[in-house]
Amino acid sequence: MTLPIAQPDLAEPDPAGSPPARATGGVKALAGRALRWLRIPVSLLMLAYLLHLVEPAQALAVLANADPRLVLLVALMAVGDRLLGAFRWYMLLRGKHVDVSFAPLARLTFVSNFIGSFLPAGVGIEAVRVYGLSRHTADLALALSSVIVERVLALGALVVLVVLGLLLSDAGFPAWIGRFAWASLAALALGSLTLMIGPTRRLSLSLLPGRLLAPVRAKIQELYLRLDEYRHQPLMLAGAIAMALFFQLFRVATYAVAGAAIGIDATFQTYMVVVPIVSLVMMVPISLGGLGVGEAAFISLLGLVGIPAEQSFTLSIMVLVLSLLGTLPGGWFYLQSGVAPGRR
């Protein structure tokens, strides 16, 4: 991926002494970089507080008593998680008759997860996927639309699992979690509908007037056309929805196996509630890859059903480490041929 290189500011102030036009952009870019770097101390401070809260010796004792066979199974499931994610993406693309095989998508999925491990939340992962697929297919609108649809379906599946988990669980979660889940589901449905209707699209294009922005408007219109293609393929979309739900259930099962490995006494329905909420919380870009935020969310949510903090913390860290190990093939792929499949 080509990284932006700062260029010297050659603009000169006008006679009235007003700053050059690029100065504002430079300040914004500097502020953006500062905010990105601030995520590192946020993660470190949160981890330091959590380690003080749970006592590292107790967390290590929980880990020392883990079942090694189940830990190995979690490691294998972490790799399977990446392959399932690639297959989910592959289904969306093949449904549009795109000539792309599963292997490059799997490779790109591993690479994007590896790079995204060092970036805030999941935004970096999606950006790498869009970039890589657009290089492979020479179709930016196709790449962006497939990632948008997949992300919306994934978010919907997360919220649906929370609702189902609350309906099936007798763990006694507080009522606000149910209200949060239903409100999130309604907001997601409303946001998706808003994106698909004409007035919203016309408004978005009207905000980009003039001949100078004509190429941008053309790209956005092409994106809208690509998104509309999914509406005319209900069977493919139904399969993608089912795959999104299965993928999130598989991720919940990964945590359930990890919990069993360290002796956590919780039902699968409890994990159906907790894991999706933690995943949503980790998407908030205030820390590095959700580090610290995810652990705090696990401790808080599992604490509601009586799970000790040291077990919740160990569960989160163990799955995180094993998931990072599962992305290592992506690092090797990246060193071999860069981001885009078959290209450097």
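Trainee: Is Asp81 buried or exposed?
Mentor: Asp81 is buried, at 6% relative accessible area. Buried means under 20%, exposed over 50%, and partly exposed in between, with a 1.4 Å probe and protein chains only.

Trainee: What am I looking at, and how is it counted?
Mentor: This is a predicted model, where local features need pLDDT of at least 70 and side-chain atom pairs count only at pLDDT 80 or more, while totals for chains, interfaces and linings use all residues. Residues are numbered from 1 along each chain as its sequence is written, and side-chain values use heavy atoms, leaving out hydrogens and water.

Trainee: OK, which residue does Asp81 pair with at 2.8 Å?
Mentor: That's Arg251, in a salt bridge (a Lys or Arg side-chain nitrogen within 4 Å of an Asp or Glu carboxyl oxygen). Asp81 sits in helix H3 (residues 68-94) and Arg251 in helix H10 (residues 234-261), so the pair links distant parts of the chain, 170 residues apart. Helices here are DSSP runs of H or I, at least four residues, numbered from the N terminus. Arg251 is partly exposed, at 26%.

Trainee: And what does Asp81 do with Arg82?
Mentor: They form a salt bridge too, with closest N and O atoms 3.4 Å apart. Arg82 is buried, at 8%.

Trainee: Switching topic: which residue does Arg88 meet at 3.1 Å?
Mentor: Glu150, in a salt bridge. Arg88 is in helix H3 and Glu150 in helix H6 (residues 140-168), so the pair ties together parts 62 residues apart in sequence. Arg88 is buried at 7%, and Glu150 is buried at 1%.

Trainee: Which residues are networked with them?
Mentor: Glu126, Arg129 and Arg151 are linked with Arg88 and Glu150 in a network of salt bridges.

Trainee: How many salt bridges does the structure hold?
Mentor: It holds 10.

Note on methods
Helices (H or I, at least four residues) and strands (E, at least two) are DSSP runs, numbered from the N terminus.
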